[in-house]
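Dear colleague,

I am handing over the structure below, and after it I set out what was found. Please read the notes with the coordinates open beside them.

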Amino acid sequence: MTTLDLDAMLGTAERAARAGGAIVRAAFGRPREIREKAPGDWVSEADLSSETAVRELLMGESTLPVYGEEAGGELFDTGWLVDPLDGTTNFLHGFDAVGVSVGLIEDGVPVAGAVYAPLLDRCFAAARGRGAFRDGRRIHVSARSAAQSIVATGFPFRRKELLPRYERALARALRGFEDLRRVGAATLDLSWTAEGVFDGFFELRLGPRDVAAGAIIVREAGGIVTDWSGDDTAWLRSGEILAGSPDVHTALMQMVARPTGDTAS
């Protein structure tokens, strides 16, 4: 049983995501002070300012610790996981598929979260046992069959050692699903999976802040979230995630199954 007031915490998550989103929206088309953290991993002033706004609101409305993508923080089992601008490369290129994600975990399990798409003005939110919503409207994962499904993914372009494993899964996905999409913002991939826009999502080595909010939204929308081996808890730390409607999740599990004797990373 949770000891947290999830209704109050969900309201806080939504307000925090919107606070960060207001900064992202104001900076869109005129980013400043851009630097590369690692090859292909960019940060802008908007990332930093958004995280500051999110942190200030969370710390003002709760006593829980905060871990953000840019400023970091102490690791914990109960607290807030924040991605202040998911899709920074999209943002820098003028592509409006970006999100601000605020997820709450308790004892290492996501229990509430909000994802705000500031350039589309859409807010996805959920808390355990309360259902999933977009802008106050109840949402649910799709009922399409695997063969009719459009599945989202993200490429492990920063982790070349993962390519053999990923490419094998990708080849199976291209043959098993109707089509694929690569948006470049996992928070929105998960939110759109919850809404039934996409039917599923798979990716390797994401951070907890990337998936905590989106995953609880998928689960509360009737979907299933696991890692690539079917573990329903390990994905938060490993970043190996499969999400989708029950039928599509089953197909995703079959897609990523390793051949006997395969030890690829």
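The largest share of the lining of the largest cavity, four residues, is supplied by α4, in what is, please bear in mind, a predicted model. The volume of the largest cavity is about 50 Å³, and the count of cavities of 30 Å³ or more comes to one.

Turning to the strands, β14 (residues 241-244) is covered on both faces, with Ile241 and Ala243 buried on one side and Leu242 and Gly244 buried on the other. In a regular strand the side chains alternate between the two faces of the sheet. Which strands does β14 pair with? One partner is β12, which runs antiparallel to β14 and is joined to it over four bridges, with phenylalanine 202 standing opposite leucine 242 of β14. Another is β13 (residues 224-226), also antiparallel to β14, here with three bridges, and within this pairing isoleucine 224 has glycine 244 of β14 as its bridge partner.

Helix α5 (residues 186-195) is largely enclosed by the rest of the structure, because ten of its ten residues are buried, that is, under 20% relative accessible area. The buried residues of α5 include charged side chains, Asp189 and Glu195, as well as Trp192. Just after α5, glycine 196 adopts a positive phi of about 85°.

Most residues other than glycine have a negative phi, and most peptide bonds are trans. Aspartate 107, however, has a positive phi, near 50°, and is placed in the loop between β5 (99-106) and β6 (109-117), where this aspartate is exposed, with a relative accessible area of 60%. Arginine 205 likewise has a positive phi, near 60°, and is found in the loop between β12 (200-203) and α6 (208-220). Is arginine 205 exposed, partly exposed or buried? At 33% relative accessibility, arginine 205 counts as partly exposed.

With best regards

Key: Residues are numbered from 1 along each chain as its sequence is written. This is a predicted model: local features need pLDDT of at least 70, side-chain atom pairs count only at pLDDT 80 or more; totals for chains, interfaces and linings use all residues. Side-chain values use heavy atoms; hydrogens and water are left out. Helices (H or I, at least four residues) and strands (E, at least two) are DSSP runs, numbered from the N terminus. Buried means under 20% relative accessible area, exposed over 50%, partly exposed in between (1.4 Å probe, protein chains only). Two strands pair if DSSP finds at least two bridges between them. On a 1 Å grid over the protein atoms alone, a cavity is a set of points where a 1.4 Å probe fits but cannot get out, and a pocket is an open set with protein on both sides within 12 Å along at least five of seven lines; lining residues have an atom within 4 Å of a point. Grid points are joined across faces, edges and corners, and a volume is the space filled by probe spheres set on the points.
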